[in-house]
Amino acid sequence: MPSDLRSAQQPQRLIMYRLAHGGDSNAFASDVHSGLSSKPKVLPPKYFYDELGSALFEAICRLPEYYLTRAESDLLGSYSKEIAGAIEGPVRLIELGSGSAEKTRYLIEAWLERQTELHYLPIDISDVSLERSSAELLHSYPRLRITAYSADYFTALAALAGKEEGAPRRERSVVLFLGSNIGNFNPEESRVFLREVRGMLRPGDALLMGADLKKSRDILEPAYDDALGVTAAFNLNLLARINRELGGEFDIKSFQHRAIYNEPLGRVEMHLVSRAAQSVHVRGINLEAKFDAGESIQTESSYKFDTGQLDALARETGFSLGKSWFDRAQSFSFNLFAAV
């Protein structure tokens, strides 16, 4: 059932569906147990973003080495109106992983110049982020209304698809998947994910997807291993989170952050490397995790793309690649996938 956050000042402008409660902590425990028991050891990057991790990521976005934020802002500032004009309206915007929605403002403003009102449907795992960003957006844009989903991507997409099955709709849906989040999926996962997105769209709808582009190791590796050590702290906070939430006994100083560009696979990998042979008890999941010296936990793979790969990704998942936009340095792209 929706948790209706409407106020007397903003009648019917904000509704939130809370679909994530009760399962996230169980999923975290299960994924940590599975990941630390596997060979090689892995932990899903979605668990970076507790309160501290989210704050550290905001700091990363301001670092000189982290080109992604500047590239995306450059692109949105230059092309948001052109992007909006590439889709015949009216539209509604569905955003996957909306976060603070700061970048989304460029697109909201561009579409509000083209239509009298706009329906925005943000999806994020964090209730707190959704409530805060929704309140700020509604204050800034009187012609905006919001239906927010506190859930993971797949749960929210299934809920949207079920709610709208067979129902008439006058607006086109435009799904926003900003940043370089598609790169966090491996090639098989990205196709499963995009087919799931396509499954809740109708012909004529679209997906606007950010994708980081292949480039020199000299640019990529510092972006994930900055001189100040903020990214290292972000990565190591995952072990601190296990300590806090699952009764872990990780000695954080006995692990080292490492980022490498695996050029044959076209991805930057982040690892937490054990400085010595050790055994770590995690009480909450009844696990004794053993590490050899130099053994790592892989915490992220960030895939980079070229235009041929993006075109193939669209064709193999029920889309066609309409147009791509690039920042001035040709380091990052937005890609319009049309549902066919």
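This report covers the cores, sheets, aromatic pairs and backbone features of a predicted model.

## Basis

The model is predicted: local features need pLDDT of at least 70, side-chain atom pairs count only at pLDDT 80 or more, and totals for chains, interfaces and linings use all residues. Residues are numbered from 1 along each chain as its sequence is written, and side-chain values use heavy atoms, with hydrogens and water left out.

Helices (H or I, at least four residues) and strands (E, at least two) are DSSP runs, numbered from the N terminus. Buried means under 20% relative accessible area, exposed means over 50%, and partly exposed lies in between (1.4 Å probe, protein chains only).

## Nonpolar cores

A nonpolar core is a set of buried Ala, Val, Leu, Ile, Met, Phe, Trp, Tyr and Cys residues joined through side-chain atoms within 4.5 Å. The largest one has 72 residues. Leu93, Trp111, Ile242, Phe250 and Phe334 have the most contacts inside it. Leaving aside neighbours within four places in sequence, Leu93 is in contact (heavy atoms within 4.5 Å) with Ile108, Trp111, Leu118, His119, Tyr120, Leu121, Val174 and Leu176. A second, separate core has 31 residues, including Leu160, Phe185, Leu201 and Ala211.

Helix H4 spans residues 104-112 and is mostly covered. Seven of its nine residues are buried. They are Thr104, Arg105, Leu107, Ile108, Ala110, Trp111 and Leu112.

## The E3-E13-E10-E9 sheet

Four strands form an open sheet in the order E3-E13-E10-E9, with mixed pairing. Strands pair if DSSP finds at least two bridges between them. Strand E3 (41-42) and strand E9 (255-262) stand at the edges. Each has a single partner strand, so one side of each is left without a neighbour in the sheet.

E9 pairs with strand E10 (residues 267-274) in the antiparallel sense, over eight bridges. Ala259 stands opposite Met270 in E10. Helix H9 (residues 230-246) lies across E9, E10 and strand E13 (296-303). H9 runs at about 60° to E10; axes are lines fitted to C-alpha atoms, for helices over the stretch in contact, and angles run from 0 to 180 degrees between N-to-C directions.

## Strand E6 and its partners

Strand E6 (residues 144-150) is mostly covered, with six of its seven residues buried. Strand E2 (residues 14-18) pairs with E6 in the parallel sense over five bridges. Here Met16 stands opposite Ala148. Strand E5 (residues 118-124) also pairs with E6 in the parallel sense, over five bridges. Ile123 has Tyr149 in E6 as its bridge partner.

## Aromatic pairs and charges over rings

The structure holds 18 aromatic pairs. Rings of Phe, Tyr and Trp (its six-membered ring) pair if their centres lie within 6.5 Å; planes under 30 degrees apart count as stacked, over 60 as edge-to-face and the rest as tilted. Tyr49 and Phe57 have ring centres 5.7 Å apart and planes at 85°, so the pair is edge-to-face. Tyr49 is partly exposed at 38% relative accessible area. Phe57 is partly exposed too, at 23%. Ring pairs link both into a cluster with Phe48, Tyr66 and Phe234.

The rings of Phe319 and Phe337 have centres 5.7 Å apart and planes at 50°, so this pair is tilted. Phe319 lies in strand E14 (residues 319-326) and Phe337 in strand E15 (residues 332-339), so the pair ties together parts 18 residues apart in sequence. Both residues are buried.

A charge sits over a ring if NZ of Lys or CZ of Arg is within 6 Å of the ring centre and within 35 degrees of the ring normal. Lys41 lies over the face of Phe291, at 4.8 Å from the ring centre. Arg241 lies over the face of Phe28, at 4.4 Å from the ring centre.

## Backbone exceptions

Most residues other than glycine have a negative phi, and most peptide bonds are trans. The bond from Lys39 to Pro40 is cis, with omega near -5°. Pro40 sits in the loop between helix H1 (24-37) and E3. Gly89 and Pro90 are also joined by a cis peptide bond, with omega about 0°. Pro90 is in the loop between helix H3 (67-85) and strand E4 (91-96).

Asn286 has a positive phi, near 50°. Its place is the loop between strand E11 (278-282) and strand E12 (287-291). Asn286 is exposed, with a relative accessible area of 66%. Gln330, in the loop between E14 and E15, has a positive phi of about 55°.
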